[in-house]
Amino acid sequence: MELKDLKSAWDKFSSNDASKHQLGEEAIYEMLKKRTRNFIERIDRNIRIGVVVLILLALFFTFDDVLLSSDMSYQATPIWIQLMEGAGILFIVGSFVYFLISYRLATKDYSHSNDLSRVLTSIIRILHVYRKLFYMALGILLLILSISFISGMFMGVELKADELGTNVDALSTAPPMIRMIAIGVVVLLLVISGLFFLFRWGFRKLYGNYIFKLKATLMELDEIE
Amino acid sequence: MEKEFVQIISQNQGIIHKVCSIYCDSEEDRRDLFQEILAQLWKSFPSFRNEAKFTTWMYRVALNTAITSFKKNKRQPDKTGIEVGNFQLAVEEYDHETEEQIKLLHQAITNLSGIEKSIVLLYLENKKYEEIAEITGITQNYVRVKMNRIKKKLKKYMNH
């Protein structure tokens, strides 16, 4: 069979197929009305939700730090915990500003009327920003978890010291307490790494192949040009 | 604007059907892609300027959508067989010789990459290299080189 035969086969097939799937104007109206969000619109929605969650986390973190934790402290919170919490808030606010700028830049040029190379580059950029948002949100979650855990442990030692009528330094260097702190740190590390790898696996499973496919297509385009 | 859009799409919907038949392996995928292309055309319609022909612009948006479409981890169709997909549904309606040709065409196209499918579709639609380049936004030189490779690939599949 020659290539010209392919053309004649295609002509026969495509005209028959198009007439078989032909839609009236009403059906096209209906389809437009019922259209669901496409992939990029869903990403856009997820990013907006992500940013709102970041703001809520930042507010919660500040509220917890300024109002709740200060009332509950037996003694003044050590400066290193205050610094750690302050850095946590700065990190969240910084991430928030960074995402807004990155996302704005990534979506500025996105349109399916552009040439293929620009469409692919835009989608890859949007997905990279989305991935960054995902990892940053995960990082913030794990950071909050760690800070809360460390603060909680410190409070626990403080409470125990108060109960026994001794000071924190003396108690925290006692062998049973060192063992407990070590176990706590190991559990914390296990939980954090477990959560990190679980979320990373989930993200890769959802978008990994798609990002790979887009990059491969872009590479194919760059092959000759 | 919506009325104008629907009318013009209705008149040129054959383009979307052709793109869907090249890129989809099942009726379900085909419906999803048709809807996605329609939504993208509607979204991009305000930015359409009469610098290009409407059909050129429509091909561009439809092909870009098909190449970059995101499929969730659905069951992957059997790409080596011809028992699935729109082509299989259609072949029953032709004489034996045409049926064989359509099966071959399907097998050959299934093995091409997303970009190759878009070039081969425009080639089958008798578009000149210049127009293929305009639709895909790649250079004529690239189209020529790519088309030569595709022809070799197609011949290889057909002679198997």
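Student: Which residues does A:Ser122 touch, not counting residues up to four places away in sequence?

Tutor: First, this is a predicted model: local features need pLDDT of at least 70 and side-chain atom pairs count only at pLDDT 80 or more, while totals for chains, interfaces and linings use all residues. Residues are numbered from 1 along each chain as its sequence is written, chains are lettered from A and ligands numbered from 1 in the order in which they are written, and side-chain values use heavy atoms, with hydrogens and water left out. Now, A:Ser122 lies in helix α5 of chain A (a DSSP run of H or I, at least four residues, numbered from the N terminus; strands are runs of E, at least two). Contact means heavy atoms within 4.5 Å, and on that basis A:Ser122 touches A:Ala106, A:Asp109 and A:Tyr110.

Student: Is A:Ser122 buried or exposed?

Tutor: Buried means under 20% relative accessible area, exposed over 50%, and partly exposed in between (1.4 Å probe, protein chains only). With 6% relative accessibility, A:Ser122 counts as buried.

Student: What about B:Asn126, buried or exposed?

Tutor: B:Asn126 sits in the loop between α6 (114-124) and α7 (129-136) of chain B. Its phi is positive, about 60 degrees, although B:Asn126 is not a glycine. At a relative accessible area of 52%, B:Asn126 is exposed.

Student: How much area do chain B and chain A bury between them?

Tutor: The contact takes 67 residues from chain B and 54 residues from chain A. Buried area is the accessible area (1.4 Å probe) that two parts lose on being put together, summed over both. Here 61% of it is on carbon and sulfur atoms, and the total is about 5600 Å².

Student: Which residue's side chain does B:Lys146 meet in a salt bridge?

Tutor: The two chains have three salt bridges between them (a side-chain nitrogen of Lys or Arg within 4 Å of a carboxyl oxygen of Asp or Glu). In one of these, with 2.9 Å from N to O, the side chain of B:Lys146 meets that of A:Glu220.

Student: Which element gives the largest share of the side of chain B that touches chain A?

Tutor: Several elements give two or more residues to that side of chain B, including α1 (2-23), α2 (27-44) and α8 (140-159). The largest share, 13 residues, comes from α1(B).
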